[in-house]
Amino acid sequence: MERIDVRERLQKAPDLPALPQTVSRLLEALRDPDVRVEALSEEIAFDQALAARILRLVNSSFYGLPNRVADLRQAVVVLGLQTVQNVVLSISLADAFRGIASRDFPPEPFWVHTIAAGLVSQRLAARAALPEANDAFVAGLLHDIGKLLLLRLFPEGFAGVLQAARAEDRFIREVEKRAFTVGHAGLGGWLAAEWRLPEGIVHGIRYHHAPGKSEHPFAAVVHVADALVRAFGVGSGGTDLVPPIDAGAWRRLGLDGVDLDDLVAELHWCLAGVGETAAVLFDGGGRG
Amino acid sequence: MAGAVRMPVGEVPEGAVLARDLHTPEGQLLLRAGTALTPEALAWLAEKGIDSVPVAETPEAAAEGGADMAVRAALDALAPRFRRVAGDPLMEAIRLALARHLAGHGGGEGRGTD
């Protein structure tokens, strides 16, 4: 089988999603704890649709207060600042890829998987006392974005990869090598670099299947987060298989000797609101 | 039941959690028990005219119990997902921890073992 030259296609037709301005603005602002609240409130107040979705989330049964919350500041208090910023980043990034889906690769399980990977990445980065845990969330959220790009650029080729992976009980990364010159991790890393996202995010995406190849700890963070989220069975990245965790990556995050019962309980807690968060991504258009 | 202490809003320490649901004097629910009392939350409550809040003393330890049967059933249920990593020691340990968690055994039970 002849492989599809991904680079050639990218050069010919770079009709790719642009980095949403909200994301670049927020990533910058969130580095400064003093402007965090203000930057988020401004962003939400500026965007009525975003505000409506934040209120819908806080009024969902998961957070369910008996009386409806209509006050954005109360919503921020109830949800917590961290959750609100993650939701704003998720909504903005998912919107950039709206409409890229197929029957074999539906958007909801995909985003549930990636939001979960973002949350676990953020948690693992914080546990390992790595700086820029917010960036770790984005790295996890975008780690499989290359799959959406492959689907968009080569719908038939990607459908073939999915079919073969499922039929042969293999990982997508194993099968895509036969069909494409660049796999989903490399392609996603390429887009993140095009978008001029911070180096940690680029490495987290590009090397999430080969963490030993990167100097940046986010490669280990996203690699481990992806496997753990699959172990929990939250969402779907295209197949239901749990991949092995690289021992070097595990060690690098200080997880050698960790009490796994405690880690599982901690992550379970951290994943509790994923379904509700993903549900607001699909509110209000794009799927009708 | 975990203990609760009523504290003035201005004296709530960092990391504290609301012990009980909090209502306005008119009976409207403001925040659920378990909400983190962050500086933003406290400032907002102060604006709402709340001067003191019930703060949780210690989180309750997870109850221990259940039978090994439940863990075994959970391990079996997880096996299909873990089929490509069967025999990998770390992944098997993760599967066991997940099974124990699903069966209600996990989280803190093994604390202090080494």
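Predicted model: local features only at pLDDT ≥ 70, side-chain atom pairs only at ≥ 80, totals over all residues.
Me: How do you know that chain B and chain A touch?
Reply: Contact requires heavy atoms within 4.5 Å. By that rule, 31 residues of chain B are in contact with 33 residues of chain A. In chain B, the residues that lose the most area to chain A are B:Trp44, B:Arg81 and B:Arg84, together 24% of what that side buries.

Me: What makes 2800 Å² a figure for chain B and chain A together?
Reply: Buried area is summed over both parts, so the figure covers the two chains. Chain B and chain A bury about 2800 Å² between them, and 59% of it is on carbon and sulfur atoms. The size of an interface is often given in this way, as the accessible area lost when the parts come together.

Me: Which polar links are counted between chain B and chain A?
Reply: There are 11 residue pairs in polar contact between these chains, counting pairs with both residues at pLDDT 80 or more. On the side of chain B that touches chain A, strand S3 (29-31), helix H1 (39-47) and helix H3 (89-102) each supply at least two residues. H3(B) gives the largest share, 8 residues. By class, that side of chain B has 14 nonpolar, 7 polar and 10 charged residues.

Me: Why is the pair A:Asp169 and B:Arg83 called a salt bridge?
Reply: The cut-off is 4 Å between a side-chain nitrogen of Lys or Arg and a carboxyl oxygen of Asp or Glu. The side chains of A:Asp169 and B:Arg83 meet at 2.5 Å, N to O. The distance is within 4 Å, so the pair is a salt bridge.

Me: What makes that pair a link between two chains?
Reply: A:Asp169 lies in the loop between helix H10 (155-168) and helix H11 (172-179) of chain A, while B:Arg83 lies in the loop between helix H2 (68-78) and H3 of chain B, so the pair joins two chains. B:Arg83 also forms a salt bridge with A:Asp240, where the closest N and O atoms are 3.3 Å apart. The count between chain B and chain A is 5 salt bridges.

Me: How many salt bridges are found over all chains?
Reply: A search of the whole structure finds 16. One of the pairs is A:Glu266 with A:Arg123, the closest N and O atoms being 3.0 Å apart. That pair links distant parts of the chain: A:Glu266 is in helix H16 (residues 260-270) of chain A and A:Arg123 in helix H7 (residues 107-127) of chain A, 143 residues apart. A:Arg123 counts as partly exposed, at 30% relative accessibility. A:Arg251 and A:Asp256 also meet in a salt bridge, at 3.4 Å from N to O.

Me: How do you know whether A:Arg53 is buried or exposed?
Reply: Buried means under 20% relative accessible area. A:Arg53 has 8%, so A:Arg53 is buried. A:Arg53 lies in helix H4 (residues 48-58) of chain A. A polar atom of the side chain of A:Arg53 lies 3.0 Å from the backbone oxygen of A:Leu281. Leaving aside neighbours within four places in sequence, the residues in contact with A:Arg53 include A:Ile91, A:Asp95 and A:Asp283.

Me: Why is B:Leu18 called buried?
Reply: The relative accessible area of B:Leu18 is 1%, which is under 20%, so B:Leu18 is buried. The place of B:Leu18 is in the loop between strand S1 (4-8) and strand S2 (22-23) of chain B. Not counting residues up to four places away in sequence, B:Leu18 touches several residues, among them B:Leu31, B:Leu37 and B:Val53. The C-alpha atoms of B:Leu18 and B:Val55 are separated by 4.8 Å, although these residues are 37 residues apart along the chain.

Me: What makes up the secondary structure of chain B?
Reply: Chain B has 3 helices and 4 strands. From the N terminus on, the elements run β-β-β-α-β-α-α. Of the 114 residues in chain B, 35% are buried.

Key:
Residues numbered from 1 in each chain as written. Chains lettered and ligands numbered in written order. Heavy atoms only, no water. Buried area = accessible area lost by both parts, 1.4 Å probe. Polar contact = N/O pair within 3.5 Å; in protein donor to acceptor, adjacent residues only side chain to side chain. Nonpolar A, V, L, I, M, F, W, Y, C, P; charged D, E, K, R; others polar. Buried < 20%, exposed > 50% of the residue type's maximum accessible area, 1.4 Å probe, protein only.
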